[in-house]
Amino acid sequence: MKKRNVIAMLLVTAMIGTFTGCGNNSETKETTKTSMASTETVSKETTEESAEVKESGALSDVTLSFMASQDWIQDAEIELSKKFTEQTGIKIDYQIVPADQYTNLLMTKLNTGECTDIFAAQSGKFDIQTQVNAEKNALDLSNSGWAGNVDELAASELKVNDKLYGQPIQDVSAVWAVAYNKEIFERLNIEIPTDYASFTAACDKILADNITPIYEAVSDGWHHTLWFPETCVQVEEIAPGTSEKLNNNEEVFQGNATMITILEQMKDMVNKGYWGDNYMSNTYADAPKNIASGEYAMTIANQGFGVEVNAVDDSFPIDNIGYFVIPLADNQTLNMNPAGPARFVYSGTKHAEEAQKYLEFLATEESLTYLTENVAKFNQLPFSNAPSTYTETVQGFYDRYKTQGTVYQTAVKYVNPQWTEIGANLSAMFLDEMKPDEVLKDIDKMRTEQAIAASDNAWK
């Protein structure tokens, strides 16, 4: 267990070393002529509108602090914030924190009453009550002009007692799936895997062709964790009602046969070399260029990944990236997650009016269109006034899977807050420092600690 602590420290060090500031994620670069045109339009409108505001003398001299985890704030939002500043005079000071440090820092700031004017946190009807304590720490945004435009499922994950406390940041219609190079699959005559056996057969063919089957990035501290809770939709398929029993403290993770299978198969992928030699040091920001290079065939990604790969290599067709669900434990259920990063206005802010004005600006049709056009992984933001950009490939992926399930980090209480801890334990498992059932036992332990701290009646 001592070595696990060392692993966690190494992951933090790696994260800090690779983190160079906000807005440098390759996912968010402008990738099409349409996007470039949109940028020019925004710049032109900004100049005109800024001049009008300056003439009216209505500019405000306020700087809003906004804290968020790495990869949650896109370059396109930062560009929009500049337009907002020119229109209103209100500046946005983004404070971007490495993912593996963010939750602890946010909790510290909320508990000491020293939080930023706006803060980001994962939505989820359980987490925003027990983790963020939204009723105490966030403003009620129910009467905002944009509140009625939020997708119903996404809004339900941001409500406490029917009051809306957050604004979605990202596209929650997309799912984390296996993104694959179609050309490699076609050349090697590989069909889309429908169970773990066909998945390993595909990986073996790819390895035999001197290509690393899967690009994985453990050093980020979050990406490799996706394989487990995202695939736990299969737990619910095999034993319906398991999530409810977990939430009522009538069942535990430890000993669950399907969960053990998922973890054993994750370890099996590592042992067989499917993740390559550098999976511990790879970073997810480099996933597009590594897939574009042809040295890797697959990775876990959202449905905008084809655009991201095309952005780093315009000779790589967007539709050359296909998708299929993660087939661990023979899963064929589409792993849906109506929760995701969201913006909250801190209840203790001295600039509540300005902060809400910024959220209003981001939720306009013009801003949502700009974000959709300029962020590759955004296909359908969860607002009724946002455009949709699904390609035939993406729509075909969604149509392929008739059964849908909610991922366990959203369906089960006290899972999402321990995301990085689970990631550290998985890393220890890969290095033979923990066994699969020990990982599950630790999840139960941390869930119990969080439930007791939240005075959850089910744990009394």
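Is Cys232 buried or exposed? I looked up Cys232 and found a relative accessible area of 0%, so Cys232 is buried. Buried means under 20% relative accessible area, exposed over 50%, and partly exposed in between, with a 1.4 Å probe and protein chains only.

**Ground rules.** I am working on a predicted model, where local features need pLDDT of at least 70, side-chain atom pairs count only at pLDDT 80 or more, and totals for chains, interfaces and linings use all residues. Residues are numbered from 1 along each chain as its sequence is written, and side-chain values use heavy atoms, with hydrogens and water left out.

I checked Cys115 next. Its relative accessibility is 12%, so Cys115 counts as buried. I then looked for disulfides, taken as pairs of cysteine sulfur atoms within 2.5 Å. The count came to 0.

**Whole protein.** I noted 21 helices and 13 strands. These are DSSP runs numbered from the N terminus: helices are H or I with at least four residues, strands are E with at least two. Of the 460 residues, 58% count as buried. I also looked at contacts, meaning heavy atoms within 4.5 Å. Among those between residues at least 6 apart in sequence, 79% join residues at least 24 apart.

**H3 against H16.** Helix H3 covers residues 75-88 and helix H16 covers residues 352-362. I read a packing angle of about 120°, with the axes 11 Å apart. That makes H3 oblique to H16. Axes are lines fitted to C-alpha atoms, for helices over the stretch in contact, and angles run from 0 to 180 degrees between N-to-C directions. Under 35 degrees is roughly parallel, over 145 roughly antiparallel, 65 to 115 roughly perpendicular, and the rest oblique.

From H3, I listed Glu77, Leu80, Ser81, Lys83, Phe84, Gln87 and Thr88. They meet Glu354, Lys357, Tyr358, Phe361 and Leu362 in H16. The residues of this contact divide into 5 nonpolar, 3 polar and 4 charged.

**Ser81.** I went back to Ser81 in H3. At 5% relative accessibility, Ser81 is buried. Leaving out residues up to four places away in sequence, Ser81 touches Ile92, Tyr94 and Tyr358.

**Ala174.** Where does Ala174 lie? I found Ala174 in the loop between strand S6 (167-168) and strand S7 (177-181). Ala174 is buried, at 9% relative accessible area. With residues up to four places away in sequence not counted, Ala174 touches Asn302, Gln303 and Tyr398. I also checked Val394: Ala174 and Val394 are 220 residues apart in sequence, yet 9.2 Å apart in space, C-alpha to C-alpha.

Notes:
Ala, Val, Leu, Ile, Met, Phe, Trp, Tyr, Cys and Pro count as nonpolar, Asp, Glu, Lys and Arg as charged, and the others, Gly among them, as polar.
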